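Here is a short note to read alongside the structure. Take the points one at a time and find each residue as you go.

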Amino acid sequence: MAELADTTDGPGRARRMSGAAVVAAVMAVASPVLGLATILVWLGLPAEWAPTKTVSPQSAVVFTFPAVGAFLIYHRPRLNMAWLMCAGGLAAGISDVSSALMFRAAAGGELALAGWLRVPTQLGWAVCGLALTMVLPLYSPDGRLPSPRWRPALWLGCLSITAATVHNLFRMTPPREGYPYPEVIPSPLGIPALAPYMESVNVVGWAGIYTAMALSALSLLTRMRRADPATRRQIGWPLFAFAGYIVFLVLAAIWPVFMWPAIVWAAAIPFAVAFSVMRYRLYGIDTVVSRALVAAGLVIVVSAVYFGAGALSGLVVSGYDQVAGITAALFAGAFFQPLRRALQRVVDLLLYGAVGDPGVLAGRLTQAVRRGDPAEALTSVVSVLRDGLAVEGVAVEVADGEPRYVESGRVGPAAREVPLVWHGTRVGRLLVGPPGPRRFPAAHNERVLATLTPYAADVAHAVRMAADLQRSRERILTAREEERRRLRRDLHDGLGQTLSAMAMTINMARLSLKSSPEAADELLRELHTGMGAVTSDIRELVYGLRPPALDDLGLAGAIRDLAGRSSSGVEAEVEIGGDLSDLPAAVEVAVYRIVQEALTNIRRHAGASRAMIAVHREEGVLRMLIGDDGRGLPESHRAGVGLGSMRERAAELGGICVVTGEPGAGTRVEVALPLTSTPPVIIR
């Protein structure tokens, strides 16, 4: 039976859809036709009958609301919001064309007809205003009220529009004195008994209209606070559109120059609603809403401060208008930046809650980082970022760090990647997972990321440096033990065996000295030769501990000696600045080995014709530069043993070693070693 019902209902449903689409299409075509007819009628009026204002936000409604409403009806025929848009746009067209024809009839002398044309003008205005500025926001974006508690706002809108319409329809014909047109257009429905109350009815009606419009926009804000991430993004666009229109409409009532922005804004409202209804990706609407609210608050408050300060200055220093203007401008300027920050904090708190405030998150992060070591701080960074971004998971991956990967929650396979850069060096990456259930991800995430990513980069760098330090300690310990083992082996297996053999030779020479002087003499000659070998072995051991050139030539001379012994195809220049004679021994060895390694790399890999070595001693630091004009570093460069050795030697003394070079532009090795007044303490 269910299958039969579906089958039988299919053609009926299709007919209903096609009928709805036809009706919507007729309304979408009729409204702009009425709008164009209105423009033609206005253009044909005599100058004395032409109103000063023939364009209003209602004029823009005629062209955009029915078209967008018909588009939505085509996709969702039962969407009541789309029918409101079509009906409101058509009512606006009827109101506009009736108003234009009213003046046309009056200009032609048909005043009675002109008076009756006032009726469709006012009724069309009432339907348009109620449908589009009050009911439509209340029912956005899903076609339902936020809750039954918002029905009084709907009743207030209906009563207010009704009161204003009653005033416009049933007021008495105005007097001839002061009438702006050649003849008075009569009011055929005027009720004399209501004349004393009409002005009060009008004031109450318009106060209720503005209140109902504000409540309608507030209903969207209430929905936004309680919605899931997707619905928040849906609500953002109509909230932004209606709030902006209300702001400009209120400003236009005070300063007419704001009428044109109100007209443009009214024309854009249906597109915002369409974006919301069709659940498109909404392009960071929270930032648009946030900035619009901040801008509106700034305009209102700064204007109030400016005019208030100007009025007060005018009273205090009357007769000095320029002084009053300057004083007002200074007051407004002084309030601008603090006010902007305060409004941004309020809007962020309104949209995202306290957990989404970047300043609060930065404070939490600072406290967490202070309490733990780099690994614990990295865990805190990940947790705070996850809370601040309201996502399902955040992870940080540190290059060559320990730990290498820390994750809070689940980032998923399609995580967003944000590079972590510390002083120009990429130290890792931040992975941001899908949005969580509390907030919608949009450009607010960019503010949180911009605030917290530097903290994450600092902590990632600290984790990386801690891992480098640990690895360096392990390498130093390993190198020390290897060097001790080498010395033991050389002393025991080489020098020790040689000395033992020499002692045996001496004993044999003593025994054979009286009986066979020739044999004793031969043994002594062998002993002399062995002593030369022992001397050579001892010299090699000493050379391995410290380059002898440093003691023989000094650091400057040893560097020049290294440059002179470089490859014959490389011309090396040496530049020495400052006194290098009293440097600590550890600094001398480090400089010598770094220069030696750099020249070896130039000879083996650079393909250079010129090299330059500059060593300068400055106040508290020794700077060194080794450069060449060779092929430079490749794009996929990875540090090898030689470059790592240079960096480690500099790091052991608390210095830095940076190797740079673009392909084809040579390589530069820059080293800075701190110089202290006391020699370094070497722990064995």
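Predicted model: local features only at pLDDT ≥ 70, side-chain atom pairs only at ≥ 80, totals over all residues.

1. Glu618 has a relative accessible area of 40%, so it counts as partly exposed. Its salt-bridge partner is Arg623, with the closest N and O atoms 3.1 Å apart. Arg623 is partly exposed too, at 40% relative accessibility.

2. Now look at a pair that reaches across the sequence. Glu571 and Arg610 form a salt bridge whose closest N and O atoms are 3.5 Å apart. Glu571 sits in strand S5 and Arg610 in strand S6, so this contact ties together parts that are 39 residues apart in sequence.

3. Arg617 makes a salt bridge with Asp582, and here the closest N and O atoms are 2.4 Å apart. This pair also links distant parts of the chain: Arg617 belongs to strand S6, while Asp582 is in the loop between S5 and helix H16. In total, the structure holds 8 salt bridges.

4. Next, find the nonpolar patch on the surface, formed by Leu36, Ile39, Leu40, Leu43 and Phe63. Together they have about 520 Å² of accessible area. Helix H1 gives the most to this patch, with 4 residues, and Phe63 lies in helix H2.

5. Finally, visit the second largest pocket, with a volume of about 1500 Å³. Which residues lie nearest its centre? They are Ser56, Gln58, Gln122, Trp125 and Trp206, out of a lining of 45 residues. Helix H4 supplies the largest share of that lining, 9 residues. By class, the lining has 29 nonpolar, 12 polar and 4 charged residues.

How values were computed: Residues numbered from 1 in each chain as written. Heavy atoms only, no water. Patch = residues over 30% accessible without salt bridge, like charges linked within 9 Å, V, L, I, M, F, W, Y side chains within 5 Å. Areas by Shrake-Rupley, 256 points an atom, 1.4 Å probe, with all protein chains shown as cover. Salt bridge = Lys/Arg side-chain N within 4 Å of Asp/Glu carboxyl O. Helix = DSSP H or I, 4+ residues; strand = E, 2+ residues; numbered from the N terminus. 1 Å grid on protein atoms, 1.4 Å probe; cavity = no way out; pocket = protein on both sides within 12 Å on 5 of 7 lines; lining within 4 Å. Points joined across faces, edges and corners; volume = space filled by probe spheres on them. Nonpolar A, V, L, I, M, F, W, Y, C, P; charged D, E, K, R; others polar. Buried < 20%, exposed > 50% of the residue type's maximum accessible area, 1.4 Å probe, protein only.
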